[in-house]
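Subject: Handover of a structure and findings

Dear colleague,

Please find the structure below, together with its sequence. My notes on it follow, arranged by topic.

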Amino acid sequence: PDPERFVLKDRPGAAPKPYIRKFQTKDGTLLQCVVHGSPKPEVEWQDSAGNILPAGEPQVSERGGRYDIILKTNVTKTDHYRCVATQEDINHQIYTEIDVDLSGPKVIRVEEDSDVTLPCSLSSKVDIENNIFFWRKDVQKEVFLYEAGNHYNNGRAGQDQQFKGRVSHFPDKLKHGDASIKIRNMKVADSGDYTCDFPRLQPNQLFHIQLVVGDLTEGSGAAPKPYVTILDETKDGRLLQCEVLDASPKPEVEWQDRAGNILPAGEPQASETGGRYDITLNTTVTKTDLYRCVATQEDINHQIYTETFVYIPEPKFINVYIWSDVTLPCSLSTREDIESNRFDWKKDGQKEVFLYEAGNHYNNGRAGQDEQFEGRVSHFPDKLKHGDASIIIRKTKLADSGDYTCAFPRLQPRQIFHIRLVVGFPTGLVVAVSVLVVVVILLYVLYKKGYIKRWYIKLCKKG
């Protein structure tokens, strides 16, 4: 466009910015431009260098002297394209631009029977909760359609039978422009070309993914499913470890929550032997959720993950008065016999309160109990056969307040219980002490000011 040749401002009947849509084809991308205006505008497609592109015959309709024109062109290379509308009679020209990326679709490879997330996110991060987007496979099959809260999982019809009950989106991410979907229980038949389309955005946004489902060739270097374990359970949460073994090229490893948010994690520990990598990544989580460890090898377009559900119960609160005895409950729901097992009570993650192991414990010669609890803690031997590891702490002190854990480290899955103990003074005692303190302070003030002495002298004279 030549800014000196045309006056770029609105005039009666002047064409507004052209409306552009793009469609995937076998040979490239089909671009469609729609223009309205009076007098009849001339419409053409140009590349980034300003070269006019070959296009089909314009489709023209006229009503009341105003024209609607549709012009299509097929492009076969990555470039910046524009549709230009020109009205010579009123010296008006206007255009809309669009980027076309034909570098090839993103390729994702997954194993059969696994789950996969197909990414689709707007770079602008604009809220799409009230917008429309749809996913298709091989151009025709409807995978997932969302329109302002209405979609295939809440009653909308039209989804292809192949994907019914297997596809979901991420509602919490829509406000950030993320239209990614998750397909569960992948089958070889799910392999194909997927598109994510935002038809109402201008310019039209279209994303492409090629999905390959099948067994990963052994020895190819593609990372196997990560190995996930819970290393430790503390008052602050759970320490999760992810191991990705024998992978080449070196994978990127990250932890995610159910919503797909990347979690803060420690520095990855990596070792390499003969060009193949073992990666270990730890993270601490503090709430109940479904977590996944994801391994990605961009160079071979491979991604795989393992999920684990972590339950972190809220601690049970127990309030007691100072110098009283308290029972801290810890009982297995299975009520299995733990007389030959092991359980360990700790305070604030470090102090040893009570350790029992197949009949050996702190009250019959075992060493290691924290001095704070020596001679004050006991268990209930008759209850062990019913899975009850509760303990009693006698003559509680203010210093006994804190977070207690009861752990069964040898059980699978590992069992751990949390209790928060608060030791305080009885309310009546607190009030009485407070009143006494106030009285003493008042008497002291009266004494310092001489009131008590004068009162005493006056009392003696009367006597």
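At 34% relative accessibility, Glu336 counts as partly exposed. Please note before reading further that this is a predicted model. Glu336 is located in the loop that connects β25 (326-328) with β26 (342-347). On the surface, Glu336 belongs to a patch of negative charge, which also takes in Asp337, Glu339 and Asp382.

The sulfur atoms of Cys330 and Cys406 lie 2.0 Å apart. The torsion about their S-S bond is about -75°, and the disulfide is therefore left-handed. Cys330 has a relative accessibility of 1% and so counts as buried. Cys406, at 0%, likewise counts as buried.

How many disulfides does the structure hold? There are 4. With bonded cysteines counted along the chain, the disulfides follow the pattern 1-2, 3-4, 5-6, 7-8. In general terms, a disulfide is a covalent bond between the sulfur atoms of two cysteines.

Another of the disulfides is formed by Cys33 and Cys83, with a sulfur-to-sulfur distance of 1.9 Å. This pair connects distant parts of the chain, since Cys33 sits in strand β2 (residues 28-37) and Cys83 in strand β6 (residues 79-87), 50 residues apart. The link of Cys33 and Cys83 is left-handed, with -75° about the S-S bond. Cys33 and Cys83 are both buried.

A further disulfide joins Cys120 to Cys196, whose sulfur atoms are 2.0 Å apart. Distant parts of the chain are linked here as well: Cys120 is in the loop between β9 (116-118) and β10 (132-137), whereas Cys196 is in strand β15 (residues 192-198), 76 residues apart. Because the torsion about the S-S bond of Cys120 and Cys196 is about -75°, this disulfide is left-handed. Cys120 and Cys196 are buried.

Salt bridges

The structure holds 19 salt bridges. As a general point, side chains of opposite charge can pair when their charged atoms come close.

One of the salt bridges brings together the side chains of Arg21 and Asp197, at 3.5 Å from N to O. Arg21 lies in strand β1 (residues 19-25) and Asp197 in strand β15, so this pair ties together parts that are 176 residues apart in sequence. Are Arg21 and Asp197 buried or exposed? Arg21 is buried, as is Asp197.

The side chains of Asp403 and Arg420 also meet in a salt bridge, with an N to O distance of 2.5 Å. Since Asp403 lies in strand β31 and Arg420 in strand β32 (residues 415-424), the pair ties together parts that are 17 residues apart in sequence. Asp403 counts as buried at 17% relative accessibility, while Arg420 is partly exposed, with a relative accessible area of 31%.

Arg156 and Glu147 form a salt bridge through their side chains, at 3.0 Å from N to O. Arg156 counts as partly exposed, at 23% relative accessibility. Glu147 is also partly exposed, at 23%. Together with Arg200, Glu147 and Arg156 are linked in a network of salt bridges.

Nonpolar surface patch

Val433, Val437, Ile441, Tyr444 and Val445 make a nonpolar surface patch of about 440 Å². The relative accessible area of Val437 is 42%, so Val437 is partly exposed.

Individual loop positions

Ser123 lies in the loop between β9 and β10, the loop that also contains Cys120. With a relative accessible area of 77%, Ser123 is exposed. From C-alpha to C-alpha, Ser123 and Pro16 are 25 Å apart in space, and they are separated by 107 residues in sequence.

Phe380 occurs in the loop between β29 (377-379) and β30 (391-393). Its relative accessible area is 25%, and Phe380 is thus partly exposed. Phe380 and Cys120 are 58 Å apart in space, C-alpha to C-alpha, and 260 residues apart in sequence.

Yours sincerely

Technical notes: Residues are numbered from 1 along each chain as its sequence is written. This is a predicted model: local features need pLDDT of at least 70, side-chain atom pairs count only at pLDDT 80 or more; totals for chains, interfaces and linings use all residues. Side-chain values use heavy atoms; hydrogens and water are left out. Patches are made of residues with over 30% relative accessible area and no salt bridge: like charges are joined within 9 Å, nonpolar side chains (Val, Leu, Ile, Met, Phe, Trp, Tyr) within 5 Å. Accessible areas come from the Shrake-Rupley method with a 1.4 Å probe; for residues, only the protein chains shown count as cover. A salt bridge is a side-chain nitrogen of Lys or Arg within 4 Å of a carboxyl oxygen of Asp or Glu. Lys and Arg count as positive and Asp and Glu as negative; His and the chain ends are not counted. The place of a charge is taken as NZ of Lys, CZ of Arg, CG of Asp or CD of Glu. Helices (H or I, at least four residues) and strands (E, at least two) are DSSP runs, numbered from the N terminus. Buried means under 20% relative accessible area, exposed over 50%, partly exposed in between (1.4 Å probe, protein chains only). A disulfide is a pair of cysteine sulfur atoms within 2.5 Å.
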